[in-house]
Amino acid sequence: MGERQQRDVSESVSMADIPVVRRPEALLGHLLVLDHELARLLFDDFDPSVRHILAQPFLLKAEVESKVRKHIPDYLLISEDGPVVVDVKPRHRVAKPEVAFTFDWTRRLVETRGWRYVVWSEPAPAELENLRFLAGYRRDWLFDGLLLDELRAMGLDCRTLGELDDALAGREPEEVRAGVLHLLWRGELVTDLTTPLSGHHVLKASK
């Protein structure tokens, strides 16, 4: 991915200055990250409002309580709603005084730029497992465009996953199922991801 220049926030850092911006799905294939950080990448890759992700984007430096403090956030997201700086930390560590202190001054510094700051911890297990499963169907080039158009034309709103296997004549059930899961990953269809995916899950067309 090449080297990234770490920047002192005392400099003028603009969005145009930030290097090596990549699509989330590319990062998934190239970054060696901890489990929590990979989980965050999955959620951001799934979020259609996130356009780009940069890992460890810059060095933040500020004088806090008469001492110079430094911190490198985990991610910078370029979203439809503007830049979002993200730190990922297991929930049991967020409350530790030294961690809470760092995140507090980081939040204040980031928000002075008009950017959002998020501290993210582990999600609900079922939701994470569902996204890990759906991520296997994320690559557009693996899917027959004609099949996807046929599925879109069917009107899948309010139908269950289980009833779609034999919904298209001349198509194998596995092919149809994979296409539906791809549309779920793309956000063209939505369903309840807080419980383990099953044939009983009802599909909704995204708005």
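The following dialogue goes through some terms used for this structure and sets values against their definitions.

User: What kind of model is this, and how are its residues numbered?

Analyst: This is a predicted model, in which local features need pLDDT of at least 70 and side-chain atom pairs count only at pLDDT 80 or more, while totals for chains, interfaces and linings use all residues. Residues are numbered from 1 along each chain as its sequence is written, and side-chain values use heavy atoms, with hydrogens and water left out.

User: How many helices and strands does the protein have, and what makes a run of residues a helix or a strand?

Analyst: The protein has seven helices and eight strands. These are DSSP runs numbered from the N terminus, where a helix is H or I with at least four residues and a strand is E with at least two.

User: Why is S79 called buried?

Analyst: A residue is buried under 20% relative accessible area, exposed over 50%, and partly exposed in between, with a 1.4 Å probe and protein chains only. S79 has a relative accessible area of 11%, and therefore it is buried. S79 lies in strand 4 (residues 75-79). Buried residues make up 41% of the 207 residues in the protein.

User: Which residues does S79 touch?

Analyst: Leaving aside residues up to four places away in sequence, S79 touches S49, V50, R51, V84 and R116, where contact means heavy atoms within 4.5 Å.

User: What makes F58 and W115 an aromatic pair, and what is the pair called?

Analyst: Rings of Phe, Tyr and Trp (its six-membered ring) pair if their centres lie within 6.5 Å, and planes under 30 degrees apart count as stacked, over 60 as edge-to-face and the rest as tilted. By this rule there are five aromatic pairs. F58 and W115 form one of them, with 6.1 Å centre to centre and 40 degrees between the planes, and the pair is tilted. The pair links distant parts of the chain, 57 residues apart, with F58 in the loop between strand 1 (50-55) and strand 2 (60-64) and W115 in the loop between helix 4 (97-111) and strand 6 (116-120). Both F58 and W115 are buried.

User: Which residues of helix 4 are buried, and what covers them?

Analyst: In helix 4, V99, T102, F103, W105, T106 and V110 are buried. What covers the buried residues of helix 4 includes strand 2, strand 3 (67-71), strand 5 (82-88), helix 3 (91-94) and strand 6.
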